[in-house]
Amino acid sequence: MDNYYDYAASTPVSQRVLDAMKPWENEKFANASSDHQAGRASALAIQQARECIAEKIRALPSEIIFTSGASEANNLALKGFTFKHLDTKGHIITSEIEHKCILNTCAFLESIGFEVTYLAPDRDGRISPSSLAAEIRSNTILISIHHVNNELGTIQPIKEFGAIAFENNIRFHTDAAQSFCKCDIDVDDMDIDMLSISGHKIYGPKGIGALYVRDARDSELVPLIHGGGQEAGLRGGTSPTPLIVGLAAAVESYPTKSDSIEKQFLDVIAKFDFTRNGGVSVVPSTWSVTFQTDKEVKRFMSDYPWLISQGSACNALSNVASHVLTAIGMSEETARRTYRISLPPHQISES
Ligand SMILES: *Cc1c(COP(=O)(O)O)cnc(C)c1O
């Protein structure tokens with residue numbers, strides 16, 4: 001698919017990842033919980049994958065809980081944590097421009113009695129630390145703000161959010177599906193208590209992700225899937241060895257540099273009248289582009305019939321302007337001229 005520019009929605013599985021996964025699909029299929037040689041080989045492969053992912057964010061291997069993806073990781077972080085507080089309830093702070101899986105989980109938590117504050121971004125899509133500090137209440141139990149925005153590419157000041165949460169003894173969760181491997185993450189330095197990642201945004205397989213949970217074994221999380229004690233008792237179900245091995249292989253083989261695609265893209269987009277949204281602190285692979293006129297949109301679409309999204313993939317099927325574009329103050333009319341062009345992601349030097 002050489003006209004595919006929707007990598008923020010999903011990436012292909014790289015050849016190295018496929019090669020790493022293959023033996024665990026057939027030859028070495030044993031259940032990692034089985035107490036025999038083949039089972040122990042699976043368990044060891046999973047342990048090595050856990051170490052690889054932990055090291056990437058400077059966590060401990062025991063703090064990595066494998067899930068089916070970032071949506072499940074986000075659900076486990078928010079519901080798993082708040083379900084410990086069902087009797088007293090409490091207050092949660094998030095933002096208006098989270099991924100739908102965070103916003104819909106928050107709406108559900110409101111429906112059962114929790115209070116939620118949705119912080120508004122500025123016109124660049126940045127959430128300010130002072131706006132977070134201003135909303136903290138005596139009963140605030142959790143802050144959940146993403147790291148990199150999936151529609152704009154904007155990098156949020158999560159280290160400042162973490163410091164505010166730490167000072168106030170509030171747990172801090174971040175959805176890092178769009179930043180993991182691109183940006184440097186240090187969960188201690190950034191005071192992050194929980195962090196969500198996804199395989200298929202980093203050239204890994206779909207259907208795998210993880211939640212980092214500080215001190216997972218002693219955490220207050222309530223599992224969403226009760227099972228046979230897998231994943232520190234926080235996520236039941238037979239461990240998908242091939243997917244877990246694939247996730248680690250994706251981390252290990254994540255590209256450090258972009259090839260010439262970014263340069264080619266700049267040459268193309270320079271031929272059009274547009275503004276880029278998302279401010280100055282953005283990841284280089286995600287471009288939210290507003291074309292100046294409908295005519296300019298048409299000219300772009302006919303010259304470059306690329307597979308791109310209006311808003312995010314999740315919004316694309318409904319015909320309303322994306323909640324992210326509305327939140328940064330765009331009119332419906334301007335939002336209609338706005339597209340997300342996302343190039344193959346790679347590590348960026350400084351976040
Ligand atoms: C893709 C994405 C998700 C969902 O991840 P899945 O692994 O597909 O469930 C959540 N949050 C953000 C920011 C994303 O980009």
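Which helix and strands do the buried residues of H9 pack against? The views below start with that helix. Everything here comes from a predicted model, in which local features need pLDDT of at least 70, side-chain atom pairs count only at pLDDT 80 or more, and totals for chains, interfaces and linings use all residues. Residues are numbered from 1 along each chain as its sequence is written, and side-chain values use heavy atoms, with hydrogens and water left out.

**View A. Helix H9 has a buried face and an exposed one.**
Helix H9 covers residues 294-303, and its buried residues are Glu296, Val297 and Phe300. Look down the axis of H9 and these residues fall within an arc of 105°, so they line one face of the helix. (The arc is taken from the directions from the helix axis to the C-beta atoms.) They pack against helix H8 (261-269), strand S9 (286-291) and strand S10 (338-342). On the face turned away from the buried side you'll find the exposed residues Lys295, Lys298 and Ser302. "Buried" means under 20% relative accessible area, "exposed" means over 50%, and partly exposed is in between, using a 1.4 Å probe and protein chains only. Helices (H or I, at least four residues) and strands (E, at least two) are DSSP runs, numbered from the N terminus.

**View B. The ligand sits among residues from Gly69 to Lys201.**
Around the ligand are Gly69, Ala70, Ser71, His99, Asn150, Asp175, Ala177, Gln178, Ser198, His200 and Lys201; a residue makes this list if one of its heavy atoms lies within 4 Å of the molecule. Now zoom in on some polar contacts, which are pairs of N or O atoms within 3.5 Å (within protein, one must be able to donate a hydrogen and the other to accept it, and residues adjacent in sequence count only if both atoms are side-chain atoms). A ligand nitrogen is 2.7 Å from an N or O atom in the side chain of Asp175. A ligand oxygen is 2.8 Å from an N or O atom in the His200 side chain, and an oxygen of the ligand is 2.7 Å from one in the Lys201 side chain. On its own, the ligand has 380 Å² of accessible area, and the protein covers 87% of that. Accessible areas come from the Shrake-Rupley method with a 1.4 Å probe; for residues, only the protein chains shown count as cover.

Cys183 is 10 Å from its nearest cysteine sulfur, that of Cys181.

**View D. Thr82 is tucked away in helix H3.**
Thr82 belongs to helix H3 (residues 70-82) and counts as buried because its relative accessibility is 0%. Leaving aside neighbours within four places in sequence, Thr82 is in contact (heavy atoms within 4.5 Å) with Ile92, Leu109, Phe114, Ile141 and Leu142.

At 14% relative accessibility, Asp193 counts as buried.

Key
Disulfide = S-S within 2.5 Å.
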